[in-house]
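I opened this notebook page to record what I looked up in the structure, going from the whole chain to single elements.

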Protein chains: 2
Amino acid sequence: MNAMTDRIAGVLVLPQPYVLFLGDTTVPGFAKTAFGLRDWAADKCVGELRLPGATVTTGLEALTAAEAHARGARALVIGVANLGGVIPANWRASLVEALEAGLDLIAGMHMRLADIPELAEAAHRLGRQLIDVRVPPPQIPVGTGRKRSGKRLLTVGTDCALGKKYTALALARAFERRGIDSDFRASGQTGIMIAGGGIAMDAVVSDFEAGAAELLSPDAAPGHWDIIEGQGALTHPAYAAVSLGLLHGSQPDVFVVCHEPGRTEMLGTAGYKLTSVEEIVELTLLLGRRTNPAIRCGGFAFNTSALGEAAATELMARESARLGLPVADPVRGGPAFDVLVDSCLA
Amino acid sequence: MNAMTDRIAGVLVLPQPYVLFLGDTTVPGFAKTAFGLRDWAADKCVGELRLPGATVTTGLEALTAAEAHARGARALVIGVANLGGVIPANWRASLVEALEAGLDLIAGMHMRLADIPELAEAAHRLGRQLIDVRVPPPQIPVGTGRKRSGKRLLTVGTDCALGKKYTALALARAFERRGIDSDFRASGQTGIMIAGGGIAMDAVVSDFEAGAAELLSPDAAPGHWDIIEGQGALTHPAYAAVSLGLLHGSQPDVFVVCHEPGRTEMLGTAGYKLTSVEEIVELTLLLGRRTNPAIRCGGFAFNTSALGEAAATELMARESARLGLPVADPVRGGPAFDVLVDSCLA
């Protein structure tokens, strides 16, 4: 990947490395993007940039914009959200300073960088880029269903926000450790920042959803694996369109079902009960066979963060025996996760 | 519906009645939108407007823009397409003249009216509207899956472009003849022009696809029916996201499967075989139950335009016996279609 945005090819490519902007944040939960970048793209982060009053830190070195640029940073990433997804007025002088120091700006918030006049003016004057990773590339083609070369793994889920990105990243890292030629393919904003590219699948016009997924994992060498970050759930009453377009266009050979034991209701719905993992396996096989008749389930990734170590291990062993496939928590890792990786590669 | 566009409410509402613009078209196949409006919205069409050289006619009275306005027309509809979906330079003077005569402009082409400087300038100067029916309304909410009151029927299909709009219109007309309180709900550009409103579901951002479908058929009286125009097919490798979002958000009580006997391959795909009608019934039940557990199949609408009368009748009778549900061709109508309507209302 080169250090520029290439919107012609249809997939966003971000300038790297980054400096992580934390604003004046005092709530760690608002800095999830910065923490995700520190955890999964540390080699692409030269440091952090905080404003007076900030108490949250990634633990990376605190730098000014000019210092970050001198260390090789090419972009400042807004690594913090706040209620409403806006960019507060008291951050803006620092963001203009970053543009003046030679950095592009990258954000994934609801408010667009280019809609803030002082940033738009400064970027135009300085020839810098304002990159909103939620904005999909133009000229996405309609899908064709043509079979592409190479291998693909897609993470799917019983709901939103329960570990599909984390699981894909952990699998990509495990594949890499085993010397397997692979790429993490990002389909959401934090994933795109980590990968340095991708397509925000939830922001694509529905007629082009499968076409965008086809672009996201192009033809590759026969032994190459794309590990694709899933979105939503096939049974989510709001987001199933995103999930199905991504499934059809990804043509996965293998999928891993992500699940949070104990969650009973779909996020943001009028009381919809969570679908069982078995139902998600069946639906994914049924619908996924349309574009890849050889699709199979590699196993399950459980988010057991609410459980203690012993309870989590016992639950996963029991569920693995019941389901006949590996169950592991990618955050806990360990031998169970190696078994899941073995199953995906089998 | 009032005679203005209301974009706040989330569903486009068009100014009516129309005058149908045919340009200088000599190819009847390019005037499908105009013919559809003549056939299904004759009471909303005051006449047609042709340029010198045109040989295609809808049979409606030829009028100038000023004459059309004097007869009550509120908008000129571009009822003709050409290769590439552009608005040729030699049409533009007439379109400006229509704006000057007091008409808004409505189009459903790929090229947007507002992107043509001379139209944008004239509309701005005259306070007229340029309405692209392919542009979905802003501020579409995310779906919730909340159960809405009233009854709903959705037309689904084994592929694109085989009669889902026509079937929905024919069913809506049949419901009306029986005195049933109902509305045709349009999800594509020609349907929107016929209905005078609706949402171009294929142009909605995928995260909001089900939410848009929820908007399209709002709460209604318990005995009221919405007859919703379907899109794509659940097994189409490019468009299934549109179909699933529309299915989930529509929460249909009844669906009718549209099919063209003899078609063997999905449109625009890399050789994908057409799905059988039984598979579409099963998939629609399986996925549709998520938002309406009482969903059922009302029967089948076959497009038998390639067959003679006797062969079509024989085929539909045989398929009806095999499938255990009514099969009818809404274009041919007749007793078989009445049986299909009975089944939908049962």
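**Chain A as a whole**

I began with burial and noted that 58% of the 346 residues in chain A are buried, where buried means under 20% relative accessible area, exposed over 50% and partly exposed in between, with a 1.4 Å probe and protein chains only. Before going on I wrote down that this is a predicted model, in which local features need pLDDT of at least 70 and side-chain atom pairs count only at pLDDT 80 or more, while totals for chains, interfaces and linings use all residues. Residues are numbered from 1 along each chain as its sequence is written, chains are lettered from A and ligands numbered from 1 in the order in which they are written, and side-chain values use heavy atoms, with hydrogens and water left out.

For the secondary structure of chain A I counted eleven helices and 13 strands, taken as DSSP runs numbered from the N terminus, with helices being H or I of at least four residues and strands E of at least two. The radius of gyration of chain A is 20 Å, close to the 20 Å that the globule rule gives for 346 residues, so the chain is as compact as a globular protein of that length; the radius is taken over C-alpha atoms, and the rule is 2.2 Å times the number of residues to the power 0.38.

**The parallel sheet**

I then traced an open sheet of six strands in chain A, in the order β8-β10-β7-β11-β12-β13, with parallel pairing; two strands pair if DSSP finds at least two bridges between them. At the edges stand β8 (182-185) and β13 (327-328) of chain A, each with a single partner strand, so one side of each has no neighbour in the sheet. Strand β7 (residues 151-157) of chain A is joined to β11 (residues 254-259) of chain A by five bridges, and I noted that A:L154 has A:F255 in β11(A) as its bridge partner.

**Helix α7 of chain A**

What covers helix α7? I found seven of the eight residues of α7 (residues 209-216) of chain A buried, among them A:G211 and A:L216. Their cover includes β8, β9 (197-198), β10 (225-228) and α8 (240-250) of chain A, together with α8 (240-250) of chain B, counting as contact heavy atoms within 4.5 Å.

**A loop residue in chain B**

Last, I looked up B:Q139, which is found in the loop between β6 (130-132) and β7 (151-157) of chain B and counts as exposed at 63% relative accessibility.
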